[in-house]
Amino acid sequence: MIWNPNKECMPREQMRELQGKRLQKLVSYVYHNVPFYRHKMQEMDLSPEDIRSIDDIVKLPFTTKQDLRDNYPYGLQAAPASEIVRVHASSGTTGNPTIVGYTRRDLAIWSEVMSRSLTAYGVTRHDTFSVSYGYGLFTGGLGAHYGVENMGATVIPASTGNTEKHLRLIRDLNITGIACTPSYALYLAEVTERMGLSKDDLSLRIGAFGAEPWTENMRQEIQQRLGLKGYNLYGLSEIMGPGVSYECEEQHGSHINEDHFFPEIIDPDTLEPLPVGQTGELVFTTLTKEGMPLLRYRTKDLCALMEGECPCGRTNVRMTPIMGRSDDMLIIRGINVFPSQVESVILEMKEFEPQYLLVVDRKNNLDTLEVQVEVRRDFFSDDIGTMLGLKKKLSDKLKSVLSISAEVKLVEPNSIQRSEGKSKRVIDKRKLV
Ligand code: ADP
Ligand code: ZN
């Protein structure tokens, strides 16, 4: 099923035309309503009339998270305060939160794009869906909530916390779908097992997972343990919240709601646009937003746009899974390392729980990387030789993937802190001094 075939399957030329029209309108709107953009455009000697088609987007200035912070709290708001009906804030994973105001129409579009996502996962009006992203200033909870309601499934606003009670509800109410972070899904699987329940006691069939990077191996792990199919759900508060892009039944790249959010991939150093297929920084322009529209917002998320048609019939462009944020990229002895690379290696080995932590430090002027990982109970041994062998097996694999050596620290099951929201997988002690 496709929620809005008119928009999700629009012929490419027609889509570009629509995007062009919307961009022209947007540029004129921000020029007249947001002094920040007017000044930026004036500095560049650019007027709204210079934007005639979507190709002209490259002429426009970028917006960064720093711009949002400099104009805290409402400096980039375009709509008058009387039109704003809700305010959210980014979760502040990497600094001070940024504030986003929504008009009534913004909220309707948000519900629309969330409904498209849920429908692509196979959710129908007959499903009962638990929203286990945090409710509150974070966009995850309320964003998913109104999407579920809008498409006519039943929403259970479980939020996070009290996982045992939540699991009993999942069982007793025959909950069929869940929206949460992949880390929380994993935690839910653990608690299920700890409570003596199995996936067969639950009716879960669809998971909408996002808000943090996750690997294909993580997907397999969660799918097996919870007995559902897990789909990617991507979004960020500055642009809207969850529902910016979504996977279809192919589970191969996430379709971007590009009639509302226009994507570009740029080289984060030169800021030049990169050709389709190359990995770089994802940039979005909000084509229809009223509350806080943004021109060419630099997300810091690293991915590529995918070429070619999708067998599902949708024509809107897909993006690859996010490798991580440029902020999350660790530079260790001059080599770039992403936590997702470590995750891939660990989840391929049956000896380990899918729980790990990277500890980066500097000793004698040399960067060090320690990878802590939980050994599954069945593989824990009193025999030192066995454990050393396991340690070596993992460090060899890490070395071949990362190109640097890491010190492996094997820890007991359940010793690494679990997360109900976005998990924290890195401690960089170099930043603490
Ligand atoms: P914060 O920047 O404070 O975490 P948000 O709560 O708005 O703000 O989170 C948005 C960010 O979360 C995205 O920019 C991205 O880094 C991450 N994210 C969201 N969904 C996904 C996803 N499906 N895969 C990977 N990362 C995601
Ligand atoms: Zn598809």
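A residue counts as partly exposed when its relative accessible area lies between the buried range, under 20%, and the exposed range, over 50%. Asp396 has a relative accessibility of 42%, so Asp396 is partly exposed. These values come from a predicted model.

Asp396 takes part in a salt bridge. The partner is Lys392, and the closest N and O atoms are 2.8 Å apart. Both residues belong to helix α11, where a spacing of 4 residues separates them by about one helical turn. Lys392 has a relative accessibility of 51% and therefore counts as exposed.

Glu351 is buried, at 7% relative accessible area. Lys393, at 35%, is partly exposed.

A further salt bridge joins Arg225 to Glu193, with 3.1 Å between the closest N and O atoms. Arg225 belongs to helix α9 (residues 216-226) and Glu193 to helix α8 (residues 182-194), so the bridge ties together parts that are 32 residues apart in sequence. Arg225 has a relative accessibility of 15% and is therefore buried. Glu193 reaches 43%, so Glu193 is partly exposed. Both residues also belong to a network of salt bridges, which links Glu193, Glu221, Arg225, Glu353 and Arg376. Across the whole structure, the search finds 29 salt bridges.

Helix packing was examined next. Two packed helices are described by the angle between their axes and the distance between the axes. Helix α5 (residues 104-121) packs against helix α6 (residues 139-151) at an angle of about 75°. The axes of α5 and α6 are 8 Å apart. Angles from 65 to 115 degrees count as roughly perpendicular, so α5 is roughly perpendicular to α6.

The contact draws on residues from both helices. From α5 come Trp110, Ser111, Glu112, Met114, Ser115, Leu118 and Thr119. These meet Thr139, Gly143, Ala144, Tyr146, Gly147, Val148, Asn150 and Met151 of α6. By type, the residues of the α5 and α6 contact divide into 7 nonpolar, 7 polar and 1 charged.

Terms used. Residues are numbered from 1 along each chain as its sequence is written. Chains are lettered from A and ligands numbered from 1 in the order in which they are written. This is a predicted model: local features need pLDDT of at least 70, side-chain atom pairs count only at pLDDT 80 or more; totals for chains, interfaces and linings use all residues. Side-chain values use heavy atoms; hydrogens and water are left out. A salt bridge is a side-chain nitrogen of Lys or Arg within 4 Å of a carboxyl oxygen of Asp or Glu. Helices (H or I, at least four residues) and strands (E, at least two) are DSSP runs, numbered from the N terminus. Buried means under 20% relative accessible area, exposed over 50%, partly exposed in between (1.4 Å probe, protein chains only). Axes are lines fitted to C-alpha atoms, for helices over the stretch in contact, and angles run from 0 to 180 degrees between N-to-C directions. Angles under 35 degrees count as roughly parallel, over 145 as roughly antiparallel, 65 to 115 as roughly perpendicular and the rest as oblique. Contact means heavy atoms within 4.5 Å. Ala, Val, Leu, Ile, Met, Phe, Trp, Tyr, Cys and Pro count as nonpolar, Asp, Glu, Lys and Arg as charged, and the others, Gly among them, as polar.
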